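Colleague: Could you pick one part of this protein and take me through it closely, with the cut-offs behind each term? I would also like to know how that part sits within the rest.

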Amino acid sequence: MLEVVEVSKKYGNKLAVDRISFTVGSGEVVGFLGTNGAGKSTTMNMITGYLSCSEGKITVDGHDILTDPEKVKKQIGYLPEIPPLYQDLTVWESLCFTYDLKKVKLNKKEHLNEICELVQITDVKNKLVHNLSKGYKQRVGLANALIGNPPLLILDEPTVGLDPKQIIEIRKLIHELAKTRTVILSSHILQEIEAVCDRIIIINQGKIVADDTPIKLIETQQMEKCITLQAQGKPTQIVSLLKTIPNVEDVTYKMTTQQDVYEYYLETKGVDVRATLSFVLVQNHIPLLELRSNQPTLEDVFMKYTTKSYDAYTLDEEEGGEEDVCDL
Ligand SMILES: Nc1ncnc2c1ncn2[C@@H]1O[C@H](COP(=O)(O)OP(=O)(O)OP(=O)(O)O)[C@@H](O)[C@H]1O
């Protein structure tokens, strides 16, 4: 569906996106994850043709965004971070306006009514955009993106600025849309990406640093294994014992609500020491009340990939120039 090959973007001397390559197949829901300024919006803007690439090639369904922009744009529904809506139009007028601009051939009334039902804005069709809540404005933005039934949806931070209830509703909606479309969703909210996407691309300092399913990203982490346990007895004695276990690097503890029971956190050198540990405690007549291995989370993965120095990618940040973004 989408092919991004060795794509870079420079703003003046600032390299915002650095030779990224990835493909997205039909029906995939891909999360584009990165910290602020990582290059997510720039990449999305290049895919949609709003920005040109400094280098590289982007094709959608075999059509090159540079040489065949109209064909590519027909394939894409784009929801920018701030949906560009005319505030003085009613919701229906706004949809009709986009329909006309996109030169859609489908039955207008039928098509727009279907979209209103899908994104649940039928009840506000006759309201002015200006008077809508942020959540509803986001839905109208999404409705606009859906006009013409594009098979590829690109959603840039679709829940930013929404309240928790609106966030849940928009996520449900994205789930629904993803059943019949390819979706690329950018966010720096991990729960969002985890809740909606079946594949994650992490971009850091303009480079792709990870690309896999959430489960595999977590599994393939060679992170230090952390173990939590609860044991009854004097913490000084227990800590000394735990530190004698091979491959245990560090031990910390805190009180629990039960008298004489403490919770201990063990950092190990990536080795599962649970069996040895239980054995050592039993041998020393220390009751072991709880023992669990803490699995790394997506947050751990994200932190690992995004906490490198910023020096590597900035050619000359001070001299990096602003650029007019609209190319087409
Ligand atoms: N028009 C521009 N001129 C100069 N630099 C820019 C321009 N637009 C973006 N940048 C810079 O390019 C880098 C990537 O920006 P981009 O907006 O793509 O990041 P992002 O991952 O979308 O961040 P955010 O989550 O904050 O929206 C940033 O360092 C940003 O300051």
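Modeller: Happy to! Domain bounds here come from an automatic or database domain assignment. On that basis the protein is divided into domain 1, covering 2-220 + 303-319, and domain 2, covering 226-293. The C-alpha centres of domain 1 and domain 2 lie 47 Å apart. Please keep in mind that this is a predicted model, in which local features need pLDDT of at least 70 and side-chain atom pairs count only at pLDDT 80 or more, while totals for chains, interfaces and linings use all residues. Residues are numbered from 1 along each chain as its sequence is written.

The part I would pick is an open sheet of four strands, in the order S12-S13-S11-S14, with antiparallel pairing. Strands (E, at least two residues) and helices (H or I, at least four) are DSSP runs numbered from the N terminus, and two strands pair if DSSP finds at least two bridges between them. At the edges are strand S12 (248-255) and strand S14 (288-294), each of which pairs on one side only. Neighbouring strands of this sheet are turned against each other by 20° on average, direction ignored; axes are lines fitted to C-alpha atoms, for helices over the stretch in contact, and angles run from 0 to 180 degrees between N-to-C directions.

Within the sheet, S12 and strand S13 (residues 261-268) run antiparallel and are joined by seven bridges. Aspartate 250 stands opposite glutamate 267 in S13. Helix H9 (residues 235-243) packs on the sheet, where it touches strand S11 (226-232), S12 and S13, and its direction makes about 160° with that of S12. A contact means C-beta atoms, placed from the backbone, within 7 Å of each other. Helix H10 (residues 274-283) lies across S11 and S14, and runs at about 165° to S14.

Now for how this compares with other regions, starting with the cores. A nonpolar core is a set of buried Ala, Val, Leu, Ile, Met, Phe, Trp, Tyr and Cys residues joined through C-beta atoms within 7 Å. Buried means that 20 or more other C-beta atoms, placed from the backbone, lie within 10 Å of a residue's own; exposed means 12 or fewer, and partly exposed is in between. The largest nonpolar core has 61 residues, and those with the most contacts inside it are Ala143, Ile154, Leu185 and Ile201. Leaving aside residues up to four places away in sequence, leucine 185 touches Gly31, Phe32, Leu155, Pro158, Ile174, Val196 and Cys197. A second, separate core has nine residues, including Ala231, Tyr264, Leu266 and Leu277.

Strand S9 (residues 199-204) has five of its six residues buried. Strand S3 (residues 29-33) runs parallel to S9, with four bridges joining them, and leucine 33 stands opposite isoleucine 202.

Helix H1 (residues 40-47) is largely enclosed by the rest of the structure, because eight of its eight residues are buried. Among them are Lys40, Ser41, Asn45 and Ile47.

Arginine 19 has a positive phi of about 45° although it is not a glycine; its place is in strand S2 (residues 14-24), and with 14 C-beta neighbours inside 10 Å it counts as partly exposed. Asparagine 149, also not a glycine, has a positive phi of about 50° and lies in the loop between helix H5 (134-146) and strand S7 (152-156).

Stepping back, the secondary structure comes to eleven helices and 14 strands. The radius of gyration is 25 Å, well over the 20 Å that the globule rule gives for 328 residues, so the protein is more spread out than a compact globule; the radius is taken over C-alpha atoms, and the rule is 2.2 Å times the number of residues to the power 0.38. Along the principal axes, the C-alpha atoms fill a box of roughly 80 × 50 × 35 Å. Buried residues make up 32% of the 328 residues. Of the contacts between residues at least 6 apart in sequence, 71% join residues at least 24 apart.

Terms used
Contact = placed C-beta atoms within 7 Å.
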